[in-house]
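Open the viewer and have the selection tool ready. Each stop below gives a selection and what to find there.

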2 protein chains.
Amino acid sequence: MHNLSETLRLRFAAPGGIDAAIAPETAQDSGANTPAPRSNRRGRGKRAPLGQTIQQLPFGQIERQIKPIDLISEDHLEAIHQASLTIMQEIGLEYMSARARDIFRKAGADVDEDSQMVRIAPELVAQALKTAPNSFSLTPRNPARKLKMGGGFWVAGSVAGPPQVHDAISGRRPGNFEDFKKLIQLSQYFNAVQMFGYHPVSPIDIPANTRHLDTYHVCQTEGDKAYKISAIGRERTLDAIDMMAIAKGMDREAMKQEPALVTTISINSPRRVDEAMTDGLEVMALHNQVCSITPFTLMGAMTPVTLAGALAQHNAEALSAIVLTQLINPGAPVLYGTFTSNVDLRTGAPAFGTPENSRANLIAGQLARKYDLPYRSSNACTSNLADDQAVYESMMSLWSAIAGGAHFIHHGAGWLEGGLKASFEKLVLDAELLQELALTFGPFTADVADLAVEAIRGVPPGGHFFGEAHTLERYETAFYSPMTSDWRSHENWEADGSKSARERLTPLWQQALSDFKAPTLAQDRREALDAFVAKRKEELAGREPE
Amino acid sequence: MHNLSETLRLRFAAPGGIDAAIAPETAQDSGANTPAPRSNRRGRGKRAPLGQTIQQLPFGQIERQIKPIDLISEDHLEAIHQASLTIMQEIGLEYMSARARDIFRKAGADVDEDSQMVRIAPELVAQALKTAPNSFSLTPRNPARKLKMGGGFWVAGSVAGPPQVHDAISGRRPGNFEDFKKLIQLSQYFNAVQMFGYHPVSPIDIPANTRHLDTYHVCQTEGDKAYKISAIGRERTLDAIDMMAIAKGMDREAMKQEPALVTTISINSPRRVDEAMTDGLEVMALHNQVCSITPFTLMGAMTPVTLAGALAQHNAEALSAIVLTQLINPGAPVLYGTFTSNVDLRTGAPAFGTPENSRANLIAGQLARKYDLPYRSSNACTSNLADDQAVYESMMSLWSAIAGGAHFIHHGAGWLEGGLKASFEKLVLDAELLQELALTFGPFTADVADLAVEAIRGVPPGGHFFGEAHTLERYETAFYSPMTSDWRSHENWEADGSKSARERLTPLWQQALSDFKAPTLAQDRREALDAFVAKRKEELAGREPE
């Protein structure tokens, strides 16, 4: 009851907030708070940069200040660890690549060529964990876009892999090159999306054998951020490395000094690793690029139905491929990845953003910390629409990932429908969630001016702080101003059409695409990239890359 | 890309999930997954109880397993503490009640009768913190509804205080007794709502001077859970205690042995406490009922614009009233409450579920732990609609409250529009969020059967676990089954009308009201309650309670 009366008191006592204190005639709870376009709004002290009408946080990383959440005891963590050692040593994983098996055999692993099974002793795991780094950076062609992964620094990328794309104007449709390009542009535009997923949607209207050349070309010409690549096979992986090298004005050798690319190495759970994956892993590790080792483990389907069992298997699968990276190149950057969720056991349908998924995110983070490895998680959801369900599922994913200590949030923006659909609206929505979470866990200050005891002394009991010098000096930068929230009164919101948050997302991506300007790329590098793509297209004419 | 292929592989390989393994002819991804009514779905091993068609978790508390998040350093925490000691000792709070000032004076505080200012030395605060308990229970008339507050145990109540009510069928309207009753019924029905807020909506169509009698009567006859009361003034507070005593079959003295009621003692920030509040506080503390001391502090309006300053003031206000409870009755149960968020500084409009709000929730939890007091937080949002914005704001509130160590989540279900509106749809949505969060932080087991090494041994590489004995023995209880999520494929979801999550909320509360049965209340207690209300209405005829 007091909340109501206080709320009303505040609204009547100071209907114009700060603006009433500064320039009463301009401050009304009217259109000033219209969510889009936002050029007329303030927050964090900045108007939108010239040519951009959507106000957002600047590009950058806000260091997470918390000790990540530990959900389970040290004993339980150790029990999972020991079970996974047993799985690796006694049961083994099937490595379909003879090259991979050869590497394992030479390192002393027990390899059965008939069954293709590789069994690894705990000592080999321990050795790999000694050489794998606990943090590294990604440096794309624009060094101002450099990103740290490790410690308090985490990176959110856009969605990767969907065959379908959706927006509220054009509906659901198969992936295509035009939408791929727009999703890269949106990922470049929104600062909270720090790197590109690969690919944000599959452009199935361009030839599959050279698709990677066209898409990486877009990543370098429409954007200047780090990105994920597909490391399915040696040739595609080398093309990705070469194109990043060209854009950075260096050669393959120099690329080894400075990671810029990430790939997902997935395990075909349970316990199978296919040849194209380990081929890609080898090329990435040899060039000191980042492998995100991620078993895709849906409990009850690809793993036991129990969380402890799912994580024991997941952990064995992840550690085994992490060992391979370190055997190939000791010190190669590698992420401990998790993608453990449950299925609807009646229908077999995967479910994401569930309590089980959140718990897996938290515990996998503990495992990664036990091994002192950077940790990859996801922003996943099951919902068919960028609606309430999508938000609560994404928030379950994101909070557990970020408070659980993740360093890479894959699929951070734009994922819908269990990963079957990239969504323009969801990308904007996720950018909002990512900004809010980054600020939540950011630095805190409590110096004398922050503690404001003198300001408190100056305001009488029952008074307000709107007109105080302490407030006026800080109000423009004091609070975060969301892109997608509407904080207007019911009456003003209703008068403006009673728009739901989902409806407000559409004009935001439209505005972003309209504002979008590709970042500059030196003419010589652009030409070298064009030439590389032309040459490789000739070489790949009529065949698939190996 | 692997996620997609895996997802598809799974969907095609095992389209019927577990049911296909058990009874292939009945399992299709068709209507079996229709969200409401849910009598045909399984999850956590239980069908809905007889007469209830919505499947939900049973009533009870799931002990939080984590150490709550610490956002700021011990040094910063101490700086806030010291600033608040200075505020209490040097600047003081205005206590408008002569009785309250008298109690403070007798305890050695510095009291100025002209300004009504009370200044408290640190020693008085330290003494109060020695007697205030760090946990307690609430025991309503049905002892099976007993709730712990403290340690890992937290309680979520329904929204309290809105003047307006909304549902998608009838729209927005002023609060009334009929809707009040329905909101109590829904709060009784949904197990995740563990106690009632007071009131979930203000029934302004019944006389104000006796409204509390009618509403508490509904709380006892339509429900059997603990509830919040309004402690504005002595007489209303005593009526609430008497009515709970009657329903429990005891007298006022016996009530002192067993807390059953909670009230919010709000501070009229900055630094003013009105007489009706301390009158209510005194009656509650004397009867050993729970005072939730909650300064309502919107940064930039009722406090400094800085988070450190807001929390320094908040802390001084909270501790000062906590001292009063312990002076009145050492050992009286008291909650350290926070309600610190920001305003839109352009319009003065309050905003909830913001990053600043989340940070305040986390830090206030640290302060409560510093003082070893149970901690009250909230599930608040600003959105006008139970839409995406409502969900992300509520998730920001809930995650920071629960992972921040809260023991009481006030406004846990049904709050919209900055507390100006109770929403039927939001109540169901919040019940979903509360269930998911309770499970997320719940117990974990990792015994041999959980770790499932033998089950893993039994499934070949690339195989699946659907038909395994380990799975079949557990699948009915393995995973949480949400009330409000739709996990169907796009095609089936579309064929069923492409309903958004918000649209699916309406039939859920309609179903709940249709299923609702009032819990039994012994005839003699019912008659005694009726008689008490009749007698008190006579006594209050033509006047306001004191």
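The tour goes from the interface to single residues in a predicted model.

**The interface.** Show chains A and B together. On chain A, 133 residues are in contact with 132 residues of chain B. Now select helix 13 of chain A, residues 388-403. This helix gives the largest share of the side of chain A that touches chain B, eight residues. Colour that side by residue class: 67 are nonpolar, 42 polar and 24 charged.

**A501(B).** Go to helix 20 of chain B, residues 501-515, where A501(B) sits. Which residues does A501(B) touch, leaving aside those up to four places away in sequence? They are S383(A), D387(A), D388(A), Q389(A) and T484(B). A501(B) has 28 other C-beta atoms within 10 Å, so it is buried.

**Cis peptide bonds.** Select S269(A) and P270(A). The bond between them is cis, with omega near 0°. P270(A) belongs to the loop between strand 11 (261-267) and strand 12 (272-273) of chain A. Move to Y198(B) and H199(B), also joined by a cis peptide bond, with omega about -25°. Here H199(B) is in the loop between strand 9 (195-196) and helix 7 (211-221) of chain B.

**Positive phi.** Select Q116(A), in the loop between strand 2 (110-112) and strand 3 (117-119) of chain A. Its phi is near 65°. Q116(A) counts as buried because it has 20 C-beta neighbours inside 10 Å. End at H411(B), in strand 18 of chain B, residues 408-413. Phi of H411(B) is near 60°, a positive value in a residue other than glycine. With 28 other C-beta atoms within 10 Å, H411(B) is buried.

Note on methods:
Residues are numbered from 1 along each chain as its sequence is written. Chains are lettered from A and ligands numbered from 1 in the order in which they are written. This is a predicted model: local features need pLDDT of at least 70, side-chain atom pairs count only at pLDDT 80 or more; totals for chains, interfaces and linings use all residues. Two residues are in contact if their C-beta atoms, placed from the backbone, lie within 7 Å. Helices (H or I, at least four residues) and strands (E, at least two) are DSSP runs, numbered from the N terminus. Ala, Val, Leu, Ile, Met, Phe, Trp, Tyr, Cys and Pro count as nonpolar, Asp, Glu, Lys and Arg as charged, and the others, Gly among them, as polar. A residue is buried if 20 or more other C-beta atoms lie within 10 Å of its own, exposed if 12 or fewer, and partly exposed in between; C-beta atoms are placed from the backbone.
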